[in-house]
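Dear colleague,

Please find below the structure that I am handing over to you, together with its sequence.

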Amino acid sequence: MAGVLVLLSIGLITIYFRESSGGGLHQVQSAGATVLRPFEVAADRVSRPFRDAYGYFAGLIHAKSQNAQLRRDLDKWRQQATLNAFAASQNTELLKKLHFVNSRSFPRSYTYVGADIISQPPTAFEQQVVIAAGSASGIQKFDPVVTDEGLVGTVATVAHNTSLVALLVDDTTSVSAIDVKTRAPGIIKGGSTFDHVGKDLRVNKGDWLVTAGWKSNGLSSIYPPGIPIGQVTAEGQNEVDLYKHVQLQPFVNFKTLSSVLVLIPKKR
Amino acid sequence: MIADIAKGAGVLFVAAIVQVTLLSQIDVFHGAPDLVLVTLVSVALLRGTIFGAAAGFGAGLVVDTATLQTLGVTSLLLTIAGYWIGRYGETTGRDRTHAPFVSVAVVTVLYSFGALVLHYMLGDTASASRVLLNALPFELIFNLILTVPVYALCRRLFRPPPSGLEEVQLLG
């Protein structure tokens, strides 16, 4: 009996692994996920007040020191916002004069679907979450996922009413990005390192990294340009390696993530 | 027997839903309690190999379906865990006070190793240090704490089967 179940499990793994995402087992799993969704949503709603209460009291511990820091930041960003507004108006004017044709831009060329996170894999292997929206809401595989803080990740698997989102901090996630100040390009891997940055390029501690959104020979990045990803925390290089060593801290706090926005291009 | 199957299915289904919606969000150095594993160990210890293996297979399917992970991975690991603990319960473990704690501790460690090997075989880029050094100690502690209420609940639900040897008191 147990031997049969072990063989059955191995058979399931093999078929699931080899078939396409539209295969029979995937369809069965999608139907199963649709059946389980109400239970997950119910459990999430029951626990939400308790988690909110915990979050409130946990937040109070650091509230005073954070308040002082945020006030300092506010003054700094207010000045920056004024400069940005001036630069944006100048940019619009110059683009008009040059008859410049823009590529797909974020967020104007995108609509979005908001969804709660309803479950997470119970192991430390995957940094992935399941959200309560799927193909029925227009979501497709590789759609970018964001919050107001920045990039969260990308849709990895789509079922009818649920989707699996691979987070930025998942080992499988790679995002092409650029340094906002120096325009140095590179690839963010696992949400912690900014790789493939040439030694001749400049990246400074504190610089912001945003999605690059490249386009080349008919291929294009799945992420639109300009989505904030994180801030550089450390930078260095040695004589042996070809590229710089750059560490970053994502803007999104993945521990407190409870809902996300899935970006859907207006024109697929 | 049918009542046992219904109770087992109910308990493990609830455990799976609570696990994927609530407990997986607890993150202490990447470690989180595994309610499904603890519940399965408790059920298998009380009901034996076949029940344990079947319960593990079913619970694994629910977890893999709810989290949209590769179908069969959790089933395989939980089937083996359920069978193995069921065997321990049938032979020596069932009536010993320390049995649930020893079982949970050993299965938690072996489950992590098994999952790591299986994920490597499937080509996932899992970090061994994160899974075994960071997550495992905290997961072990969480699971041992969970064992007390979960095993007590399962003992109430699944009364030990009659051994066939009843104690008799001789009169006169």
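I begin with a group of strands in chain A of this predicted model. Strand β7(A) pairs with strand β8 (residues 193–195) of chain A in the antiparallel sense, over three bridges. Within this pairing, Lys189(A) stands opposite Thr193(A) in β8(A). β7(A) and β8(A) form a hairpin with three residues between them, and in the turn Gly190(A) has a positive phi of about 60°.

β7(A) also has a partner in strand β6 (residues 174–179) of chain A; these two pair in the antiparallel sense over five bridges. Here Ala177(A) has Gly186(A), in β7(A), as its bridge partner. The hairpin of β6(A) and β7(A) has five residues between the strands, and Arg183(A) in that hairpin takes a positive phi near 65°.

Which residues of β7(A) point to one face and are buried? Along this strand, residues 185–189, the side chains alternate: Gly186(A) and Ile188(A) are on the buried face.

Along its principal axes, the C-alpha trace of chain B spans about 70 × 30 × 25 Å. Its radius of gyration is 17 Å, which agrees with the value near 16 Å that a compact globule of 172 residues would have. Of the 172 residues in chain B, 51% are buried. Among contacts in chain B between residues at least 6 apart in sequence, 71% join residues at least 24 apart.

Finally, the two chains touch each other: the contact takes 43 residues from chain B and 36 residues from chain A. On the side of chain B that touches chain A, at least two residues each come from α1 (2–21), α3 (49–66), α4 (73–93), α5 (99–121) and α6 (128–157) of chain B. The element that gives the most to this side is α3(B), with eight residues. By type, the residues of this side of chain B divide into 23 nonpolar, 16 polar and four charged.

Yours sincerely

Methods: Residues are numbered from 1 along each chain as its sequence is written. Chains are lettered from A and ligands numbered from 1 in the order in which they are written. This is a predicted model: local features need pLDDT of at least 70, side-chain atom pairs count only at pLDDT 80 or more; totals for chains, interfaces and linings use all residues. Two residues are in contact if their C-beta atoms, placed from the backbone, lie within 7 Å. Helices (H or I, at least four residues) and strands (E, at least two) are DSSP runs, numbered from the N terminus. Ala, Val, Leu, Ile, Met, Phe, Trp, Tyr, Cys and Pro count as nonpolar, Asp, Glu, Lys and Arg as charged, and the others, Gly among them, as polar. The radius of gyration is taken over C-alpha atoms; the globule rule is 2.2 Å times the number of residues to the power 0.38. A residue is buried if 20 or more other C-beta atoms lie within 10 Å of its own, exposed if 12 or fewer, and partly exposed in between; C-beta atoms are placed from the backbone. Two strands pair if DSSP finds at least two bridges between them.
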